[in-house]
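Please report on the salt bridges, strand pairing and nonpolar cores of this protein.

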Amino acid sequence: SISVPTSKGFVQNLRSMERGTFEFMLNATGLVSQAVDGKKPFKKKFKHIRALLPFVAVPYHFVTLANSGVKSVADLKGKRVNIGPKGGITNLTTSIILKTAGIYESVSLEHLSAAGASTALTDNRITAFFQPAPLPAGNVVKTGNVSGGIRLIPITGELAQNALKRLPGRSHMTIPAGLYKGVDKPVKTLGHSAIFAVRDTVSADIVYRVVKAIMTKKGQEYLPKVHKATRNIFKLAPGFDSFKAAKIKLHPGVVRYWKEKGVKIPAELL
């Protein structure tokens with residue numbers, strides 16, 4: 001038996017898990033590592049987060065219209081840009097990238113949802129929006145089709161290197177050509193991995209049974225019918241590298257499962 005409350009995003013998910021009101025959650029490696037280290041937007045080190053399973057790689061899409069004339073993050077100076085709802089990881093990440101580029105103070109900020117940002121861009125009410133999303137991002141596909149074509153603004157070079165210093169748990173990623181209308185060449189960007197985590201107070205027996213059920217043949221057939229992105233779990237599992245980036249240890253129930261499968265577990269995750 002499980003209840004599924006809604007939340008305002010990954011920041012709230014982490015705070016709720018630390019308080020004990022959430023016991024399972026989806027979150028991003030970079031934000032989890034910030035919570036573990038007690039770095040902004042968190043005021044203390046979080047101690048109760050444990051690793052469950054990997055979920056998906058999430059490249060950062062910086063989307064503008066193909067005819068906007070914007071070719072770099074620096075070109076957004078003085079423009080209207082959607083950075084996502086306040087309190088969410090999208091908002092936090094975009095703010096850091098814009099600050100690293102030295103243009104944050106000159107940008108007019110919007111706090112729309114992903115769907116609202118897509119509509120605002122095609123209506124020319126904003127110049128660009130930022131969206132972390134697995135490939136292909138449905139909202140970005142829709143934006144390209146409705147607008148007649150988009151451009152993905154790259155995050156590379158010195159900007160990328162400096163942003164990574166301020167965004168722990170992130171890494172370089174590439175969005176392939178051909179996924180979106182107007183994007184006919186690969187685009188270099190940054191991104192993070194999304195993971196499933198569990199509170200350390202959940203019993204090892206329950207966590208073991210959850211992981212075992214997910215990883216069965218029946219689980220692997222069922223989950224993608226509910227959410228297509230869950231097929232990535234089985235491609236990425238056990239996902240030890242993503243948990244190292246998040247700076248969290250495996251839950252004892254997860255350790256039991258992988259040991260039974262004969263998988264060698266890195267010492268730092270125990």
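Arg50 and Asp200 join their side chains in a salt bridge, 3.7 Å from N to O. A salt bridge here is a side-chain nitrogen of Lys or Arg within 4 Å of a carboxyl oxygen of Asp or Glu. The model is predicted: local features need pLDDT of at least 70, side-chain atom pairs count only at pLDDT 80 or more, and totals for chains, interfaces and linings use all residues. Residues are numbered from 1 along each chain as its sequence is written, and side-chain values use heavy atoms, with hydrogens and water left out.

Arg50 sits in strand S2 and Asp200 in the loop between strand S8 (187–199) and helix H7 (204–215), so the pair ties together parts 150 residues apart in sequence. Helices (H or I, at least four residues) and strands (E, at least two) are DSSP runs, numbered from the N terminus. Arg50 is partly exposed at 23% relative accessible area. Asp200 is also partly exposed, at 28%. The cut-offs are under 20% relative accessible area for buried, over 50% for exposed, and in between for partly exposed (1.4 Å probe, protein chains only).

The structure holds 8 salt bridges. Three of them are listed here.

| Pair | N to O distance |
|---|---|
| Arg50 and Asp200 | 3.7 Å |
| Glu110 and Arg80 | 2.7 Å |
| Asp205 and Arg209 | 3.3 Å |

The Glu110–Arg80 pair links distant parts of the chain: Glu110 is in strand S4 (residues 108–110) and Arg80 in strand S3 (residues 80–82), 30 residues apart. Glu110 is partly exposed at 23% relative accessibility. Arg80 is partly exposed at 35%.

Asp205 and Arg209 both lie in helix H7, 4 residues apart, about one turn of the helix. Asp205 is partly exposed at 38%, whereas Arg209 is exposed at 52%. A network of salt bridges links Asp205, Arg209, Arg256 and Glu260.

Strand S8 comes next. How many of its residues are buried? The count is 10 of 13, so by the cut-off above S8 is mostly covered. S8 pairs with S2 in the antiparallel sense over 9 bridges. Two strands pair if DSSP finds at least two bridges between them. Strand S1 (residues 24–28) runs antiparallel to S8 and is joined to it by 5 bridges. Strand S7 (residues 171–175) is likewise antiparallel to S8, with 5 bridges.

Now the cores. A nonpolar core is a set of buried Ala, Val, Leu, Ile, Met, Phe, Trp, Tyr and Cys residues joined through side-chain atoms within 4.5 Å. The largest has 69 residues; Leu14, Ile49, Phe62, Ile155, Met215, Leu250 and Trp258 touch the most other members. Strand S2 (residues 49–65) gives the most to this core, with 9 residues. A second, separate core has 16 residues, among them Leu121, Ala133, Ala137 and Leu152.

Beyond its neighbours within four places in sequence, Ile49 is in contact with Leu14, Met17, Met25, Val32, Ala197, Val198 and Ile248. Contact means heavy atoms within 4.5 Å.

Gln34 is a polar case. Gln34 lies in helix H2 (residues 29–37) and is buried at 3% relative accessibility. A polar contact of 2.9 Å joins the side chains of Gln34 and Arg170. Such a contact is a pair of N or O atoms within 3.5 Å; within protein, one must be able to donate a hydrogen and the other to accept it, and residues adjacent in sequence count only if both atoms are side-chain atoms.
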